[in-house]
Amino acid sequence: MPPISRTVRIGSAHGLHARPAKLFAQAAKNAGIPVTIAKDAGSPVNAASILGVIALGVERGDYVTLTADGDNAEATLDTLAELLTTDHDAEA
């Protein structure tokens, strides 16, 4: 099965700073399959790496592309996309 990709728009008011990046990276790690995230047409990074995710410099309204490869890739992308579109800054 080929990798599955999905493009989503970031919902957190302050982008993927430490707190939402940590939630996202932990969920990607827990998925147990390879997942990458890329900003616009940039190079993808390991979605389970909090430092890699923060280094992308993703702000609210930016689009990112998630790619997952393996069993449950579709469900994994559903979960990760929901995390990225949620405004975690509104909950604090």
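These legends walk through several close-up views of a predicted model. Residues are numbered from 1 along each chain as its sequence is written, and side-chain values use heavy atoms, leaving out hydrogens and water. Because the model is predicted, local features need pLDDT of at least 70 and side-chain atom pairs count only at pLDDT 80 or more, while totals for chains, interfaces and linings use all residues.

**View 1. The four-stranded sheet.** Here's an open sheet with the strand order β1-β4-β2-β3 and antiparallel pairing. Strands are DSSP runs of E with at least two residues, helices are runs of H or I with at least four, and both are numbered from the N terminus. Two strands pair if DSSP finds at least two bridges between them. β1 and β3 (45–46) sit at the edges with a single partner strand each, so one side of each has no neighbour in the sheet. Further in, β2 and β4 run antiparallel and are joined by five bridges. Look for Lys39, which stands opposite Val64 in β4.

**View 2. Helix α3 and its buried face.** α3 covers residues 73–85, and its end C-alpha atoms are 18 Å apart, which agrees with the 18 Å that its 13 residues should span at 1.5 Å a residue. That expected span is 1.5 Å times one less than the number of residues. Ala73, Thr76, Leu77, Leu80, Ala81 and Leu84 are buried in α3, meaning under 20% relative accessible area (1.4 Å probe, protein chains only). Seen down the helix axis, these buried residues fall within an arc of 130 degrees, so they line one face; the arc is that of the directions from the axis to the C-beta atoms.

**View 3. Zooming in on Leu77.** Leu77 is part of helix α3 and is buried, with a relative accessible area of 0%. Leaving aside neighbours within four places in sequence, Leu77 is in contact (heavy atoms within 4.5 Å) with Ile4, Ser5, Arg6, Leu66, Thr67 and Ala68. Thr7 is 70 residues away along the chain, yet its C-alpha atom and that of Leu77 are separated by 9.8 Å.

**View 4. The largest nonpolar core.** A nonpolar core is a set of buried Ala, Val, Leu, Ile, Met, Phe, Trp, Tyr and Cys residues joined through side-chain atoms within 4.5 Å. Of the 22 residues in this one, Leu16, Phe24, Ile37, Val64, Leu66 and Leu84 touch the most other members. β1, α1, β2, β4 and α3 each give two or more residues, and α3 gives the most, with five.

How values were computed. Buried < 20%, exposed > 50% of the residue type's maximum accessible area, 1.4 Å probe, protein only.
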